[in-house]
Amino acid sequence: MSDTKGLNRQQMADRMALEFQDGWIVNLGVGIPTMCSNTDLGDVDFTYHSENGIIGYGPVAASGEEDLNLVNAGGQNVTMKPGGSVVHHADSFAIIRGGHIDATVMGAYQVSMTGDFANWKLKGQKGGGIGGAMDLAACARRVFIILEHVTRKNEPRLVTACDLPVTARGVVTLVSTNYGLFEPTGIGFLLREIAPGLTVDEIRATTGGVLTVADNLRSVRLAGSN
Amino acid sequence: METGRGPCDTKMALKSKQVGSFREAIADIPDGSTIGFGGFAMPGVAFNLIKALLDQGAKRLTLVGNTTGGAAVPRMPDMGMLVENGQVAKVICAFTAATRPTDVLPFTKYYESGECEAELVPQGTLAERLRAAGAGIPAFFTPTAVGTELAEGRETRVINGREYLLEYALPLDYAFIRAARADTFGNLQFHRAQRNFNPVMAMAARTTIVEVDEPIVPVGGIDPDQVHCSGIFVKRLVQVPPEPEGIWPTRRQERRR
């Protein structure tokens, strides 16, 4: 990890998972977002959708008990939960475009203060890796992003405007970083929760646009992860 | 644009579509064909047919699939191998690069040098373009990719106050897919995540070739209510032999760093 300040990767995922509500259909992107499935949310009853058409999957299979024909979006051998179902790819994306996904959690290189984000192409790269990100970004009811607060060169990832090619515009409503929990406001970012060991000044210095601080700013809430 | 319309041959229902070998199943594929590769990660990929195509040697191919492959070890037969083998003019994929920036796909070198073209398509748009081709829909509007680099210079339309991007159907000459079970008419069942792109690839292609895990059963061996992909979309079936002759999914291993 490029920056060890604040929350670790699992904690960033744990915080985001606290947003999940009863009855939601949730799609997790590859990378840190998949770690949301390790978070123990107690009685909150929601369903995971994977872009390859797997609805209602559970934890990663124990070693030796994998079904090699059952994978999540990241290619991990997962398990099915009771009530799970399988659809083909066109139907899986009909679920996405049709507005049936309550929340998607994705990783990103950058998020802008207007809720744009970039996660498919690096600077100067020919081509890229889109996967299902553009469909999810355009059509999920809520787009949540988890990313490390700064780059390896200590540059902000929460920026005034993305200088990388965007995945979608104006869609991100909540961002979990190792420094805290943020909302894009259009003119900057609202800091709602702050990670232990960080100061507001430190965060302001590493965040693009205007950083505003919630009246009821609190320490990042964390669910227990198993 | 050929969308798979052809004469109805009612005798086909009685004739087995099973062929004896992967080599035989793909022998007639000419240079310049457009071929869809089903599968997502390990499940549902027709590894044996892809390997046979490497040996068959057809050139100037356009290949359609989720990814060019090659990020995982051990490497299974993938689109990238056909590119490395000099058989491919263009790929149409949701990934021309790996999801992790630190992974470099074998395909990248050929793309960057201009030896192979690529059309990058969002995954849901790719699936729907295939479905549309199989369903006789020439084009459709989608909200996906609006406002991005992919939409630059292309036709959009505002419908009920929201902007949508025009996307065209993507018909295939051939599709290579893998299924768990088949009857000799080509009715298919998939196991779990094997299904993915495979039914829409089968719809989109004039000639769909299926490699089948379990012994192919006589017509009537699969309950009509339990068919995932109708045999009307399938032309040829090949039974996957046991290892080592046949290639089967392997346990997921550590990815290349």
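Modeller: Let us begin with a helix in the interior: the buried residues of helix 2 of chain B pack against helix 1 (22-26), strand 1 (34-37), helix 3 (79-84), strand 8 (172-179) and strand 11 (205-212) of chain B. Please keep in mind throughout that this is a predicted model.

Biologist: Which residues of helix 2 (residues 47-56) of chain B are buried?

Modeller: They are Phe47(B), Asn48(B), Leu49(B), Ile50(B), Ala52(B) and Leu53(B), where buried means that 20 or more other C-beta atoms lie within 10 Å of the residue's own.

Biologist: How should I read a sheet, and in what order do the 3 strands of the open sheet in chain B lie?

Modeller: One reads the order across the sheet and then the sense of pairing; here the order is 5-7-6, and the pairing is antiparallel. Strand 5 (139-142) and strand 6 (156-159) of chain B each have a single partner strand and stand at the edges, so each has one side without a neighbour in the sheet. From one strand to the next, the twist averages 35°.

Biologist: Over how many bridges do strand 6 and strand 7 (residues 162-168) of chain B pair?

Modeller: These two strands of chain B pair over 4 bridges, in the antiparallel sense, and Ile159(B) has Arg162(B) of strand 7 as its bridge partner. Helix 5 of chain B packs on this sheet, where it touches strand 5 and strand 7 of chain B, and its direction makes about 150° with that of strand 5.

Biologist: Turning to the contact between the chains, which element gives the most to the side of chain B that touches chain A?

Modeller: The contact takes 39 residues from chain A and 41 residues from chain B; on the chain B side, helix 5 gives the most, with 5 residues. By class, that side of chain B has 22 nonpolar, 11 polar and 8 charged residues.

Biologist: At what angle do helix 2 (residues 89-97) of chain A and helix 5 (residues 123-135) of chain B pack?

Modeller: The angle is about 125°, and the axes are 9 Å apart, which means that helix 2 of chain A is oblique to helix 5 of chain B. Their crossing is left-handed. Among the residues making this contact are Phe93(A) and Ile96(A) from helix 2 of chain A, and Ala127(B) and Arg131(B) from helix 5 of chain B.

Terms used:
Residues are numbered from 1 along each chain as its sequence is written. Chains are lettered from A and ligands numbered from 1 in the order in which they are written. This is a predicted model: local features need pLDDT of at least 70, side-chain atom pairs count only at pLDDT 80 or more; totals for chains, interfaces and linings use all residues. Axes are lines fitted to C-alpha atoms, for helices over the stretch in contact, and angles run from 0 to 180 degrees between N-to-C directions. Angles under 35 degrees count as roughly parallel, over 145 as roughly antiparallel, 65 to 115 as roughly perpendicular and the rest as oblique. A crossing is left-handed if the near helix is turned anticlockwise from the far one by less than a right angle, and right-handed if clockwise. Two residues are in contact if their C-beta atoms, placed from the backbone, lie within 7 Å. A residue is buried if 20 or more other C-beta atoms lie within 10 Å of its own, exposed if 12 or fewer, and partly exposed in between; C-beta atoms are placed from the backbone. Ala, Val, Leu, Ile, Met, Phe, Trp, Tyr, Cys and Pro count as nonpolar, Asp, Glu, Lys and Arg as charged, and the others, Gly among them, as polar. Two strands pair if DSSP finds at least two bridges between them.
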